[in-house]
Amino acid sequence: MKTLLLKSSVPLLIAFLLLFTACAQNDESRSKDTSPRPDSTLVIQAGKEIVTDAFAAISNALGTAMTRGGIPHAIEYCNTVAIILTDSVSNQYNVEVRRATHKPRNPKNRANDMEMASIEAYMQLISDGAELKPRLAFQENNVIFHAPLRLVTFTCLSCHGNKEDDIREGDLAVIQQYYPEDEAIGFDLDELRGIWSVTFPYEYFIAAEAADGASN
Ligand code: HEC
């Protein structure tokens, strides 16, 4: 009886030991906190998805505000909501999303050195008539994704276009009231307005892979 009990508990013991060593390994890799550098194609795919979502969120909010209360209301609305929207997309994906520009309306969106390098590179590509692809910068624990942000519709020009032809006088006054140091006018259709910048921690891609695996 005793031996039987012992015998039947052996597999249990092995299972227990395996589980324990597996956990121990896990703990070890977690404590090092060195998520591997993700593949560029994964980063580009995720970056494009997030930027599309963020652009849709801002365009929808802008469109609704313009229909409700015209351009002055939309300016006022943008003043309070644009950053909140990019922040909420950031929280939704657990990444940092921002719009950066060489000619800011909101000073918080002024490009830093790295962002400025991408803006200049895109400007050069536009003048060469070349394709504008996302740019990536791999850092120690995160990867930064940049994509061009252009003035795609005439609607954009009613707040970012030419003082003489595109922006109504009353609207310009509202812009200047909210943004006394505004630099974001004088743009043409399709011109580069700035860039989207998304910062992903490397962990993001581990979590995304795990979620993918679970859903398969
Ligand atoms: C109703 C006026 C209005 C229209 C139309 C408009 N914008 Fe803006 N835009 C603003 C305001 C106001 C801000 C500042 C938002 C803030 O305070 O964060 C802004 C900020 C931005 C920024 C962030 C950089 C900065 O200068 O602060 C980008 C990029 C931008 N707009 C692009 C566009 C594009 C592209 C379109 C067309 C799809 C567009 N805007 C249409 C009013 C407008």
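Helix H3 spans residues 113–128 and contains 16 residues. From its first C-alpha to its last it reaches 23 Å, close to the 22 Å expected at 1.5 Å a residue. The model described here is predicted, and every value in this report was computed from it.

Which residues of H3 are buried? They are Glu115, Ser118, Ile119 and Tyr122. These residues cover an arc of only 100 degrees around the axis, which puts them on the same side of H3. The spacing of such residues follows a general rule: an α-helix has 3.6 residues a turn, so residues three or four places apart point the same way. On the face of H3 turned away from the buried side are the exposed residues Asp113, Ser127 and Asp128.

**The chain as a whole**

The protein chain has six helices and four strands. Read from the N terminus, its elements follow the order α-α-β-α-β-β-α-α-β-α. The chain comprises 216 residues, of which 33% count as buried.

**The iron atom**

Which residue is the only protein donor of the iron atom of the ligand? The donor is His160, through its NE2 atom, at 2.1 Å. His160 belongs to helix H4, which covers residues 154–160.

Five elements each supply at least two residues of the pocket lining, namely helix H2 (40–93), strand S1 (96–100), strand S3 (142–150), H4 and strand S4 (192–201). The greatest contribution comes from H2, with 12 residues.

A search of the whole structure finds one cavity of 30 Å³ or more. The residues that line the largest cavity are Ile58, Ala61, Leu62, Tyr77, Cys78, Val81, Ala82 and Leu85. The table sets out the volume and the lining classes of the two spaces.

| Space | Volume | Classes of lining residues |
|---|---|---|
| Largest cavity | about 40 Å³ | eight nonpolar, no polar, no charged |

The lining of the largest cavity, by contrast, has no polar and no charged residues.

Methods
Residues are numbered from 1 along each chain as its sequence is written. This is a predicted model: local features need pLDDT of at least 70, side-chain atom pairs count only at pLDDT 80 or more; totals for chains, interfaces and linings use all residues. Side-chain values use heavy atoms; hydrogens and water are left out. Donors are N, O and S atoms within 2.8 Å of the metal (3.2 Å for Na, K and Ca); water is not among the atoms, so sites may look incomplete. On a 1 Å grid over the protein atoms alone, a cavity is a set of points where a 1.4 Å probe fits but cannot get out, and a pocket is an open set with protein on both sides within 12 Å along at least five of seven lines; lining residues have an atom within 4 Å of a point. Grid points are joined across faces, edges and corners, and a volume is the space filled by probe spheres set on the points. Ala, Val, Leu, Ile, Met, Phe, Trp, Tyr, Cys and Pro count as nonpolar, Asp, Glu, Lys and Arg as charged, and the others, Gly among them, as polar. The expected span of a helix is 1.5 Å times one less than its number of residues. Buried means under 20% relative accessible area, exposed over 50%, partly exposed in between (1.4 Å probe, protein chains only). The arc is that of the directions from the helix axis to the C-beta atoms.
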